[in-house]
Amino acid sequence: MDITEVPTNQGSKSKKQKSKKSMKANTKVKNVEVEEERSAAVEKMTESAAAFPPTFSVSEIKNKQRRHFMFMKLKQEKRKQKLQLKKKRRKEREALGDKAPPKEVPKTIENQRVFDETTVDPEDEEVAFDEGTDEFSAYFNGLTNPKVLITTSDRPRGRTMRFCEQLASVIPNAHVYYRRGLALKRIIPQCVARNFTYLIVVNEDRQVPNGLVLCHLPDGPTAHFKVSSVRLRKEMKRRGKDPTEHYPEVILNNFTTRLGHSIGRLFAALFPQNPQFVGRQVATFHNQRDFIFFRFHRYIFKNEKKVGIQELGPRFTLKLRSLQKGTFDSKYGEYEWVLKRHEMDACRRKFQL
C-alpha cells in the first residue's frame, strides 16, 4: 500500500508572517507621520500665538490653561517689541547727538490733572489776607505754642492705644488720655480750660484704627479723616531707633487748592515752628491724588556730600471726609466741605486738595 505525503501549507504561514511584519512597519510609519503632523501643528499654534490676536481677543478662549498660555505669549511679544523700539530710539539718539528730539513725557494722572479754579497763588493778596485773619494766624505769628491732647473712642484695643502712643512720640508736647466714655462736647471745654490747642480722636473698627478727628482749639476748624494702611514701628522692616524729643521739621507737599491749603495749615500748626535740627528728624505729609501719606524719617549723614534717610515710624494714610467750621458738633455744625464720592470721584483726573 502506497502512502502519499500531503504537503502542509508552509508557504501560506510564511506569507501570513510577512503580511503581519509589513502591517507593523506600516503602523510604525503612520505613527511617525502622525507625530510629525502633531509637532508641526504645535509649531503652527505657537507661531499663531505669537501673532495673536488678529481677529478675536484672548478672553474668548474658554480653556483656562490655553487662555493663560496665549496671554503670556502676547505679553512676552509685546515686551520684546518694546525693548527693540527702545534700543532703536537709543541708537538714533546717540547718532543724532545734540540734534536729537527731546524725550517724550509719559502721561500720568497727575500731569493730566483737570485745572482747579481754587488753586492757590502764593502772591495773591486775598489769600494773604485770609491767612492773616484765619484761626491759625495766632500760631503763625508766634503768639501760641501747640499743645495736643490725643484720645480714642470708647474701650480702645491694644493696637489703637499703641498707635496713639507712637503718634504722641512724633508730635511734640502731646499727651494721651483715656476717653472714659465722655462725650466730645464735654471734653472740648476742658481742653480749652487747660490751654490745649488741638484735640485728636482716633476711632477704631474691629480693633484696627480707621478714623481720625482733628479739632483745632478754641475756634476750630475740625477735620475728619479716614485712616488706612497703619503700620506700627514693630511691623516695619529696617526701622531706626525710637525718635528723640527734638522738635522735627515738617514737610507739606502738594497742597495746592484753597481746601488743600487750609488742610496743610491745619497739619503745620500741630508742630512747633522752631525745629531742632540737631535731632535730624522730619515729619512729611505728602498729598497725592487726595490721599495724604504720613512718614517720619531721620537724616543719616554718610559723608559731606551723601545723605540718607531712615524711617522711624509709624506710617499711615489719610483721606479727608469732611471739614467743619468751629469745634466738633455733629448735629448743628456748619460744614465747609464734605466728600461726595459719586459726584467728586466720577473723574479720576480731578482732585480736591
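Is aspartate 290 buried or exposed? With a relative accessibility of 9%, aspartate 290 counts as buried. Here buried means under 20% relative accessible area, exposed means over 50%, and partly exposed is in between (1.4 Å probe, protein chains only).

Before going on, a word about the model. This is a predicted model, where local features need pLDDT of at least 70, side-chain atom pairs count only at pLDDT 80 or more, and totals for chains, interfaces and linings use all residues. Residues are numbered from 1 along each chain as its sequence is written, and side-chain values use heavy atoms, with hydrogens and water left out.

You'll find aspartate 290 in the loop between strand E7 (281–288) and strand E8 (291–301). Helices (H or I, at least four residues) and strands (E, at least two) are DSSP runs, numbered from the N terminus. Arginine 180 also has a positive phi, near 60 degrees, and is a residue other than glycine. Arginine 180 sits in the loop between strand E2 (174–176) and H6 and counts as exposed, at 69% relative accessibility.

Then there are the cis peptide bonds. One runs from leucine 217 to proline 218, with omega near 5 degrees, and proline 218 lies in the loop between strand E4 (208–216) and E5. Another joins glycine 313 and proline 314, with omega about 0 degrees; proline 314 is in the loop between strand E9 (307–311) and E10.

**Salt bridges**

Side chains of opposite charge can pair when their charged atoms come close. A salt bridge is a side-chain nitrogen of Lys or Arg within 4 Å of a carboxyl oxygen of Asp or Glu. How many salt bridges does a search of the whole structure find? It finds nine, including these:

| Pair | N to O distance |
|---|---|
| Arginine 159 and glutamate 235 | 2.4 Å |
| Aspartate 329 and lysine 185 | 3.3 Å |
| Lysine 325 and glutamate 334 | 3.6 Å |

Arginine 159 is in helix H5 (residues 158–170) and glutamate 235 is in the loop between strand E5 (222–231) and strand E6 (249–253), so this pair ties together parts that are 76 residues apart in sequence. Glutamate 235 is partly exposed at 35% relative accessibility.

Aspartate 329, in the loop between strand E10 (315–324) and strand E11 (335–338), and lysine 185, in helix H6 (residues 184–193), link parts of the chain 144 residues apart. Aspartate 329 counts as buried at 19% relative accessibility, while lysine 185 is partly exposed at 47%.

Lysine 325 is partly exposed too, at 42%.
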